[in-house]
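Could you walk me through this structure?

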Amino acid sequence: MPTSEARKRACKKYEQEKIDRIPLRVPRGKKAQIQERATSLNESINAYINRIINEDLAKSDT
């Protein structure tokens, strides 16, 4: 079932209000390694990177 225009507008509005983007560049070949690791943990690349960042930030709070 295709995504409705209303749903697309709602998603776009949510992202504009709630999401910051950080472009990330990695050396050639590293993306595949990151994807493999994320997949092995049943996570998306985005979820994997966010989890690692959150864990590191939590360590720095203590």
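Here are some questions and answers on the fold, the surface and a pocket.

This is a predicted model, where local features need pLDDT of at least 70, side-chain atom pairs count only at pLDDT 80 or more, and totals for chains, interfaces and linings use all residues. Residues are numbered from 1 along each chain as its sequence is written, and side-chain values use heavy atoms, with hydrogens and water left out.

Q: Which pattern does the chain follow along the sequence?
A: Helices (H or I, at least four residues) and strands (E, at least two) are DSSP runs, numbered from the N terminus. The chain has three helices and zero strands. Read in order, that gives α-α-α.

Q: What is the radius of gyration of the chain?
A: The radius is taken over C-alpha atoms, and the globule rule is 2.2 Å times the number of residues to the power 0.38. For 62 residues the rule gives 11 Å, and the chain is well over that, so it is more spread out than a compact globule: its value is 16 Å.

Q: Is Asn-42 buried or exposed?
A: Asn-42 sits in the loop between helix 2 (30–40) and helix 3 (45–61). Its phi is near 60°, a positive value in a residue other than glycine. Most residues other than glycine have a negative phi. With 73% relative accessibility, Asn-42 counts as exposed.

Q: How many nonpolar residues are in the lining of the largest pocket?
A: Ala, Val, Leu, Ile, Met, Phe, Trp, Tyr, Cys and Pro count as nonpolar, Asp, Glu, Lys and Arg as charged, and the others, Gly among them, as polar. The lining includes Asp-20, Arg-21, Pro-23 and Ile-53. By class, two are polar, two are charged, and the nonpolar ones number six.

Key
1 Å grid on protein atoms, 1.4 Å probe; cavity = no way out; pocket = protein on both sides within 12 Å on 5 of 7 lines; lining within 4 Å. Buried < 20%, exposed > 50% of the residue type's maximum accessible area, 1.4 Å probe, protein only.
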